[in-house]
Amino acid sequence: MQKPLLLGLGEVLWDTFADGTRRAGGAPANVVFRAAHSGAEGCLISAVGEDPAGRELLAALRQNGIAYEAPCVPYPTGRTEVVLHEGIPSYQIVENVAWDHIPLTARAQALAQRADAVCFGSLAFRAEESRRTLTALLQQVPETALKVLDVNLRAPYYSAERLDFLLRHANALKINDEELQVLSPLFGWSGTPQQRCEAAVWQYGLRFLILTAGAQYSEVFVPGACSRLATPSVTVADTVGAGDAFTGAFVCALLAGKPWREAHREAVQTAARVCTQEGAWVS
């Protein structure tokens, strides 16, 4: 029996830390890692540079079981500078890098046409070439597929117009409590956090909306119903990739045919486990 296929569209990069260490990452790669360790087929669609960092990044993907369609392009491999404060990361993202120039390949299109789910974020749409490519791929994904937007807000790479465009190409949304505060005035969502999430589900016809609130709780909204779970208390090493692990685990559970409330429980447990270890690629 063929495994369901989940695609991660967008950035792949090196997260570099103040002590000089680095880890391979990027939200779409993190989601595909989770798919590869949750019984699904996953593939990252991105790009790397024609440089040693690009070759090393592809090697890291292979070593961690992450399949990819990531051509080498004549731009530097993606990189961010990460600062951790009590385990919470902040990012300085280098511009005009390889994943800003993702080419539209025949293999990427073939993958999109048979995808059961795709995950994408607003950051990967900051540059024109990748924006064209990823939009073309989203348009080729089957109507039945889950199309999950994890907004992943990074100033200044978003606007109300771009977010509206992305939401119209999605049928599911992952957002955290801080992002909800940013988006609510842009789209006229008001009331309690629950009321604002319900408004988003209704406005864009979403199949589900995931709201995470760090160490406090998470909620999953579907039309007419909601699940709320407390975040488990764990000793946090860092939270890098925890939200991506949540998204990947939730989507893969749905693709496996599990009820959405059970998918929520699995996602909470997976994200909590990721927080107990350093880095996003925790099996």
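How many nonpolar, polar and charged residues does the lining of the second largest pocket have? The legends below refer to a predicted model.

**View 1. Lining of the second largest pocket.** By class, this lining has seven nonpolar, four polar and three charged residues. The pocket has a volume of about 170 Å³ and is lined by 14 residues. Arg23, Ala24, Gly279, Ala280 and Trp281 lie nearest its centre. At least two lining residues come from each of strand 2 (13-17) and strand 3 (22-25); strand 3 supplies the largest share, three residues.

**View 2. Stacked aromatic pair of Phe33 and Trp281.** The ring centres are 6.0 Å apart, with 10° between the planes. Phe33 belongs to helix 1 (residues 27-36), whereas Trp281 lies in the segment after helix 9 (260-275), so that the pair links parts of the chain 248 residues apart. Both Phe33 and Trp281 are buried.

**View 3. Aromatic cluster of Phe187, Trp189 and Tyr204.** Within this cluster, Phe187 and Trp189 are stacked at 5.1 Å centre to centre, with 20° between the planes. Phe187 counts as buried because its relative accessibility is 14%, under the 20% limit. Trp189 likewise counts as buried, at 6% relative accessibility.

**View 4. Largest nonpolar core around Leu9.** The core has 45 residues, and Leu7, Leu9, Phe120 and Leu209 are those with the most contacts inside it. Helix 7 (residues 193-204) gives the most to this core, with four residues. Beyond its neighbours within four places in sequence, Leu9 is in contact with residues including Pro28, Ile45, Val118, Phe120 and Leu138. A second, separate core of 23 residues includes Leu6, Phe250, Ala253 and Ala267.

How values were computed:
Residues numbered from 1 in each chain as written. Predicted model: local features only at pLDDT ≥ 70, side-chain atom pairs only at ≥ 80, totals over all residues. Heavy atoms only, no water. 1 Å grid on protein atoms, 1.4 Å probe; cavity = no way out; pocket = protein on both sides within 12 Å on 5 of 7 lines; lining within 4 Å. Points joined across faces, edges and corners; volume = space filled by probe spheres on them. Nonpolar A, V, L, I, M, F, W, Y, C, P; charged D, E, K, R; others polar. Core = buried A, V, L, I, M, F, W, Y, C linked by side-chain atoms within 4.5 Å. Buried < 20%, exposed > 50% of the residue type's maximum accessible area, 1.4 Å probe, protein only. Contact = heavy atoms within 4.5 Å. Phe/Tyr/Trp six-rings, centres within 6.5 Å; stacked < 30°, edge-to-face > 60°.
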